[in-house]
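Visitor: Could we take a close look at one part of this protein and then see what surrounds the rest of the chain?

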Amino acid sequence: MNPGANDPHDHPAASEHGDSSGGWLRPAVFGVSDGLVSNAALVLGVAAGGLSGSMVLLTGISGLLAGAFSMAAGEWVSVQAQREAVEREIAREREHHRRFPEQEAAHMREILVGTGLSEELAAVLVKELSRSPEENLGFHTRMELGVDPNQLDSPWVAASSSFVAFGIGALVPLVPYLLPLPGSQVAVSIGLSALATFGVGALLARFTARNPLWSGARQVLIAAMAAGVTMLIGSWLGA
Ligand SMILES: [Zn+2]
């Protein structure tokens, strides 16, 4: 969606800034990466320990759910805490507007002059804004707190998207245990996990401005070390 494409007021460089996905891509890629690495290490560890295919599947599904719930709970708590802090600030600002409207108007005139407007124009703007209290409060929170009171992050959206992202990543090493694929289940699980890990690493390069091939290879190396340790321990303890 690019509603500003033909809008003469839209700054031409605006679309070139940062993450054009609207901010969901980064947490999604990290969630998939977490699920992939942690469940590949878990699944390959118990498989190396000699568990049957159905036991590996049961372990992998448990690992998927445990990890996804844990990620979602952590995400919910963190976004909710952030939201409560912002809401407390907005409530404080609202109270201030009710008790000291003159002081708030003077403060906003100062802020506007600080952005380069003339005293006269700042006074006109502040006067216009004060006609609708809710709009005025929204303008103050955007200018002073950098947040739009009508667009606070939802803890439920954050929790459910990290649950889904982790689940997708954690599902990859389980594919040969869910579908009848040719070849050894462990080998197919390793192959699919390595491929997906490479893909995730290459995508992560978008946020670090690194070479995607190098980033993908590094990600595979990290995952291989994690899975290598669990496979060693699995085959050592044995089933
Ligand atoms: Zn204010």
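Visitor: I have picked out Ser-215: does this residue count as buried or exposed, and at what relative accessibility?

Guide: Ser-215 counts as buried, at 2% relative accessibility. Here buried means under 20% relative accessible area, exposed means over 50%, and partly exposed is in between, using a 1.4 Å probe and protein chains only. Before going on, please note that this is a predicted model, in which local features need pLDDT of at least 70 and side-chain atom pairs count only at pLDDT 80 or more, while totals for chains, interfaces and linings use all residues. Residues are numbered from 1 along each chain as its sequence is written, and side-chain values use heavy atoms, with hydrogens and water left out.

Ser-215 sits in helix 9, which covers residues 212–237. Helices are DSSP runs of H or I with at least four residues, and strands are runs of E with at least two, both numbered from the N terminus. Ser-215 and Ala-205 are 10 residues apart along the chain, and their C-alpha atoms are separated by 5.8 Å.

From there, let us move to the zinc ion. Its protein donors are Glu-93 (OE), Glu-104 (OE), His-140 (ND1), Glu-144 (OE) and Glu-144 (OE), at 1.9 to 2.7 Å. A donor is an N, O or S atom within 2.8 Å of the metal (3.2 Å for Na, K and Ca), and with water not among the atoms, sites may look incomplete. Along the sequence, the spacing of the zinc donor residues reads E-x10-E-x35-H-x3-E. Glu-93 belongs to helix 2 and His-140 to helix 5 (residues 133–144), so this pair ties together parts that are 47 residues apart in sequence.

What is a pocket? On a 1 Å grid over the protein atoms alone, a pocket is an open set of points where a 1.4 Å probe fits, with protein on both sides within 12 Å along at least five of seven lines, and lining residues have an atom within 4 Å of a point. The second largest pocket has a volume of about 200 Å³; a volume is the space filled by probe spheres set on the grid points, which are joined across faces, edges and corners. Helix 3 (101–114) gives the most to this lining, with 4 residues.

The largest pocket holds about 350 Å³ of space. It has 15 lining residues, and those closest to its centre are Pro-27, Glu-75, Val-157, Ala-158 and Ser-161. Helix 1 (25–48), helix 2 and helix 6 (155–171) each give two or more residues to this lining, and helix 2 gives the most, with 5 residues.

Phe-69 and Phe-163 pair edge-to-face, 5.0 Å centre to centre with 65° between the planes. Phe-69 is in helix 2 and Phe-163 in helix 6, 94 residues apart, linking distant parts of the chain. Phe-69 counts as exposed at 52%, while Phe-163 counts as partly exposed at 25%.

Finally, charged partners. Side chains of opposite charge can pair when their charged atoms come close. A salt bridge is a side-chain nitrogen of Lys or Arg within 4 Å of a carboxyl oxygen of Asp or Glu, and the count comes to 7. One of them joins Arg-99 to Glu-95, with the closest N and O atoms 3.9 Å apart. Both residues lie in helix 2 (residues 53–99), 4 residues apart, about one turn of the helix. Glu-95 is partly exposed at 33%, and a network of salt bridges links Glu-95, Arg-98 and Arg-99. Elsewhere, Arg-131 meets Glu-128 at 3.5 Å, N to O; Arg-131 counts as exposed at 61% and Glu-128 as partly exposed at 45%. Arg-142 bridges to Asp-148 at 3.8 Å, where Arg-142 is partly exposed at 39% and Asp-148 is partly exposed at 23%.

How values were computed
Phe/Tyr/Trp six-rings, centres within 6.5 Å; stacked < 30°, edge-to-face > 60°.
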